[in-house]
Amino acid sequence: MRIRWTGEACDLPAEPQTGTFITRLTSTVMSNINIYCEQPYTTPDGRRIAFWGVREGARDIFTVAREGGEAVGVTSDEALDWNPVWSQDGKQIYFCSIRGGALFVWGIGVDTASGKAAGQPDPVR
């Protein structure tokens, strides 16, 4: 899915075939986050989008409602996090991370209504 960073917000294509962008992922610039909206991935039900962005110098995972709004932090640490992918039931996000000096796939539970983390990340074994 191609997205566009306008310098103020991320836009998601409403109609990928035409190239028009009308769905705003974030409604305002947030002073504490520089959102690049990289690697967006939509929940199976299409209601939320996970992506990575940079906040306070750290690359973290965020979610946002499909219709737009403020991004919600899922991870918040010094680890390098990227490539978020939703589980089939939409209740977990799996992502790549360098934690403890090693690259692993991690999973974290997510509240499907709010998009917030429901626990701490765990390595996938």
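This report describes side-chain pairings, strand pairing and backbone details in a predicted model.

## Basis of the model

Because the model is predicted, local features need pLDDT of at least 70 and side-chain atom pairs count only at pLDDT 80 or more, whereas totals for chains, interfaces and linings use all residues. Residues are numbered from 1 along each chain as its sequence is written, and side-chain values use heavy atoms, with hydrogens and water left out.

Side chains of opposite charge can pair when their charged atoms come close. A salt bridge is taken here as a side-chain nitrogen of Lys or Arg within 4 Å of a carboxyl oxygen of Asp or Glu, and by this rule the structure has two salt bridges. One of them joins the side chains of R99 and D77, with an N to O distance of 3.0 Å; R99 belongs to strand β9 and D77 to the loop between β7 (72-73) and β8, so this pair ties together parts that are 22 residues apart in sequence. Strands, and likewise helices, are DSSP runs numbered from the N terminus (strands: E, at least two residues; helices: H or I, at least four).

D81 also forms a salt bridge with R99, and here the closest N and O atoms are 3.1 Å apart. This pair links distant parts of the chain, since D81 is in strand β8 and R99 in strand β9, 18 residues apart. Through shared partners, the salt bridges join D77, D81 and R99 into one network. Relative accessible area is used to class residues as buried (under 20%), exposed (over 50%) or partly exposed (in between), with a 1.4 Å probe and protein chains only. On this scale D81 is buried at 0% and R99 is buried at 17%, while D77, at 26%, is partly exposed.

## Aromatic rings and charges over them

The structure holds one aromatic pair, formed by F51 and F62, which are stacked at 5.9 Å centre to centre with 25° between the planes. Rings of Phe, Tyr and Trp (its six-membered ring) pair if their centres lie within 6.5 Å, and planes under 30 degrees apart count as stacked, over 60 as edge-to-face and the rest as tilted. F51 lies in strand β5 (residues 48-55) and F62 in strand β6 (residues 58-65), so the pair ties together parts that are eleven residues apart in sequence.

A charge sits over a ring if NZ of Lys or CZ of Arg is within 6 Å of the ring centre and within 35 degrees of the ring normal. The charged end of R59 sits over the ring of W52, 3.9 Å from its centre, and R99 lies over the face of W106, at 5.1 Å from the ring centre.

## Strands β8 and β9

Two strands pair if DSSP finds at least two bridges between them; β8 and strand β9 (residues 92-99) pair in the antiparallel sense over five bridges, and V85 has Y94 in β9 as its bridge partner. The hairpin of these strands has five residues between them, and there G90 takes a positive phi near 75°.

Most residues other than glycine have a negative phi. N83, however, has a positive phi near 55°; this residue lies in strand β8 (residues 80-86) and is partly exposed, at 32% relative accessible area.

## The loop residue T43

T43 is found in the loop between β4 (34-42) and β5 and is buried, with a relative accessible area of 8%. Leaving aside its neighbours within four places in sequence, T43 is in contact (heavy atoms within 4.5 Å) with R48 and W86.
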